[in-house]
Amino acid sequence: MRKQYLHLSAYPCDACAGPVIAGWMGVRENAISKETDIRQVGAICLSCGHRQCAATEPARARYLMPMEWAPADAVKASRLTSVFVEALNPAELH
Ligand SMILES: [Zn+2]
């Protein structure tokens, strides 16, 4: 079954040495397949707000366990309003 995963990594901020948290998403088509459709979500220092997208040598990023994350379009589809709007305006959306 197709599932989306959120990955998080942490590394020191260049500006203040605080923790930067970076996230990216990957999709796995089934339990044994490799992740595809990998895309960045964003990165930000928790201390100063600096958006640093990668660790600067010699610092290394440390990775957290990936967690299952519902795809954004699945969340949107579950909203009653979008279903209602689609029912009212089928021609505009297709
Ligand atoms: Zn910082």
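1. Is C13 buried or exposed? In this predicted model, C13 has a relative accessibility of 5% and therefore counts as buried, the cut-off for that class being under 20%. C48 has a relative accessible area of 41% and is partly exposed.

2. Both cysteines belong to the zinc site. The zinc ion is held by the SG atoms of C13, C16, C45 and C48, at 2.3 to 2.4 Å. The angles among the four donor atoms run from 102 to 115°, and the site is tetrahedral.

3. Along the chain, the zinc donors are spaced as C-x2-C-x28-C-x2-C. C13 is found in the loop between β1 (3-12) and β2 (19-28), while C48 is in the loop between β3 (35-45) and β4 (62-63); the pair therefore ties together parts that lie 35 residues apart in sequence.

4. Turning to the aromatic residues, a search of the whole structure returns one aromatic pair. The pair is formed by W24 and Y63 in an edge-to-face arrangement, with 5.9 Å from centre to centre and 90° between the planes. Because W24 is in strand β2 and Y63 in strand β4, this pair ties together parts that are 39 residues apart in sequence.

5. R28 sits over the face of Y5, at 5.0 Å from the ring centre.

Methods: Residues are numbered from 1 along each chain as its sequence is written. This is a predicted model: local features need pLDDT of at least 70, side-chain atom pairs count only at pLDDT 80 or more; totals for chains, interfaces and linings use all residues. Side-chain values use heavy atoms; hydrogens and water are left out. Donors are N, O and S atoms within 2.8 Å of the metal (3.2 Å for Na, K and Ca); water is not among the atoms, so sites may look incomplete. Four donors count as tetrahedral if all angles lie between 85 and 135 degrees; four count as square planar and six as octahedral if opposite donors are over 155 degrees apart and all others between 65 and 115; anything else is irregular. Helices (H or I, at least four residues) and strands (E, at least two) are DSSP runs, numbered from the N terminus. Buried means under 20% relative accessible area, exposed over 50%, partly exposed in between (1.4 Å probe, protein chains only). Rings of Phe, Tyr and Trp (its six-membered ring) pair if their centres lie within 6.5 Å; planes under 30 degrees apart count as stacked, over 60 as edge-to-face and the rest as tilted. A charge sits over a ring if NZ of Lys or CZ of Arg is within 6 Å of the ring centre and within 35 degrees of the ring normal.
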